[in-house]
Every structure is written in C-alpha cells, then in structure tokens.
Amino acid sequence: MRAESPGPQHEWLDGAAGPVVRPYTLTGGRVRPPIEGFDLMAVVLAGLAADPAGQPGLQPEHRRLLELARRPVAVADLAADLDLAVGVVRVLLGDLVARGLVAVHRPPTGAYLPDDNILKAVVSGLRAL
Amino acid sequence: MDSVRFDRPAATPRLPLALKILIAGGFGAGKTTLVSALSEVRPLQTEEVLTGAGIGTDDIYGVEEKSTTTVAMDFGRITINDDLQVYLFGTPGQDRFWFLWDELAFGALGAVVLADTRRLADCFPSVDYFEQRGIPFVVGVNCFDDARRFSLEAVRDALDLDPAVPLVLCDARDRQSGKLVLISLVEHVARQRGEPVPVG
C-alpha cells in the first residue's frame, strides 16, 4: 500500500498537520521485522544474484536498500542514507532477507572484544586523521 | 547474470569490522559538536514504539493505537582503513529517551561522557549508566569559552570518578582535541584488559 504525496489541492495539509505518511506506512503497519537481529552495526550485503528487476512487489525503498547493499553496509548507514527511521529499515530488510535477496551479518557480541592489534590500529588511525 | 549462489562463502567480500563508541553527556554539553568535529555527521532517526502491548506484526489497523516517538541521534563514521570503521553515536540527551541507550550501548567499545563545568550535574546520569554496566568510558571536560576553569582534580572529585577513569580537558569544536579524547578512550579500553597500547 502506497500513499500518494499530497498535491497542492490539499490545502488543508500544512506544516502543522505533521507528516502525512507516518513512518510505518511504508511497512504496511508492521513495526517488527519478521526476523530479529538487525543491530545498528549489523552488516547487510545483497546477494550477487539479487536482481530487483525480477522481484515483483518490492517497494522503491526495498530497491534502494538492495542497491546500497551491493557493498557491505551497516544498518545504521542504510537508515541514514535513506533518511528513514531505523525501525522502518529493519522491517524492510526483513522482507529482503525473507526473499533471500540480502544476508545480514550480525556483529560479534557477548564475549567478543576487539584484540590488541585492532585497538592499536584504531589509535594509529585516529592519530593519522 | 552470475549464477554463483550468494550464500557461498567464497562469494562474500570481507566484511569490515565496525566498532561503536557512544558520545554521551547532558543536553548542550557538546555531543553534536564533537561528533561533527570528528566525522561527517548524519542524523539517524529512530521511530520507537513505546507500548509493548498488542503489537501485531501484520496489523495495519493497530498502527493508530500504538504510541511511537521519533528520536534523532547524531551519527558519524570514521574510516580507519578498508577493514575497520569507528561509528560514533551521540546519545539522546533527554531522560525520556533512556530506553534507547541499551541498544546503543550493546556491544559498544566504550563511551565518552562530555561534561560542562557550568552544569556538571548534567553528566552524572551518563557516568552512572556506564559505571553500572561496566562499559569503559572517559570523561571529556568541554572547555566552553565563558566557563570558569576548574582543575581536573576538582572535577574528578565532584564526579566522584574511579581513579582509573581518564579525565581530559577538550574543546569539542576542535578535531585534534576530539581525536585525543577518543584515543584516551581506546587506550583506557586496552589498559582495562591489561593490554596497554604503546604511545606513539
């Protein structure tokens, strides 16, 4: 379901009316992705064979996500790039995962801590900024 | 079109490692300024559902009944190299957005708490939060032009900081100064696990 952007004929719509399309309209009202695990730092990668043209029913936002995920990209980056709320992006990504079009790589958690070499690389990288 | 199955490991490029650092502190302490000084900053919106009851995954009619709030966070990325990136997240300053912190803090390398000596108490909640969760943090005393200068010891006493927690003066507008704050955090993280990062 897509909402048309309001045209000038809708003079009752003004700034005070707030956004006409609520964020979750893009997701058909779904507020939880079908799959959990989309941490802000999770890395999304589109499959090599993921061809949006052969996928009926995808929204423009789905296609844009697929384009951006041609290279590994974090969930937070996708939300900022699309200027969409993180929660909305998670639902849309869930759709793409369900279709097998993208893979989500969760960041290491729990006992994981970056090792000494990584911390050294961060310090020298920061110094070189 | 390539017929390689995308889930074959050989077809997956090496994934960059992304480290997360939180920039916390009271409202107006310079969080946005610091993130902007260090990286290209972009707003990140979160549209959070505030009520947990009655959430159906496919129920479009329920949307109007759900209470959501949009919170914009500052979000920046520093590329160390092709394989390593540091993400900076400015934490939402208002108390009513504390529920967002847990997700932000999950898996974070550590945090910078910015303190404004004119309103030192504003950073107490941030200090408490990271202390309670055992998340390594440093305190950056943002030197505002019109603020009285206090000695670091006076600020440390006022914050009742653990002696191991680094306390540094900084100018959140200045990239070099901001870099030093982040470096002190990473060195602190390394020290905490007994693997000091050699200076230089």
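Q: Is B:Gln45 buried or exposed?
A: B:Gln45 is buried, because 21 other C-beta atoms lie within 10 Å. Buried means 20 or more such atoms within 10 Å of the residue's own, exposed 12 or fewer, partly exposed in between, with C-beta atoms placed from the backbone. This is a predicted model: local features need pLDDT of at least 70, side-chain atom pairs count only at pLDDT 80 or more, and totals for chains, interfaces and linings use all residues. Residues are numbered from 1 along each chain as its sequence is written, and chains are lettered from A in the order in which they are written.

Q: Where is B:Gln45 in chain B?
A: In strand β2, residues 40-49. Strands are DSSP runs of E, at least two residues; helices are H or I, at least four; both are numbered from the N terminus.

Q: What is B:Gln45 in contact with, beyond four places in sequence?
A: A:Ala79, A:Ala85, A:Val86, B:Thr70 and B:Ala72. Contact means C-beta atoms, placed from the backbone, within 7 Å. The C-alpha atoms of B:Gln45 and B:Thr70 are separated by 6.5 Å, though the residues are 25 apart along the chain.

Q: New topic. What is the strand order in the open sheet of chain A?
A: β2-β1-β3, with antiparallel pairing. Strands pair if DSSP finds at least two bridges between them.

Q: Which are the edge strands?
A: β2 (73-74) and β3 (102-105) of chain A; each pairs on one side only.

Q: How many bridges join β1 to β3(A)?
A: 4, with β1 covering residues 43-46 of chain A. In β3(A), A:Val104 is the bridge partner of A:Val44.

Technical notes. Contact = placed C-beta atoms within 7 Å.
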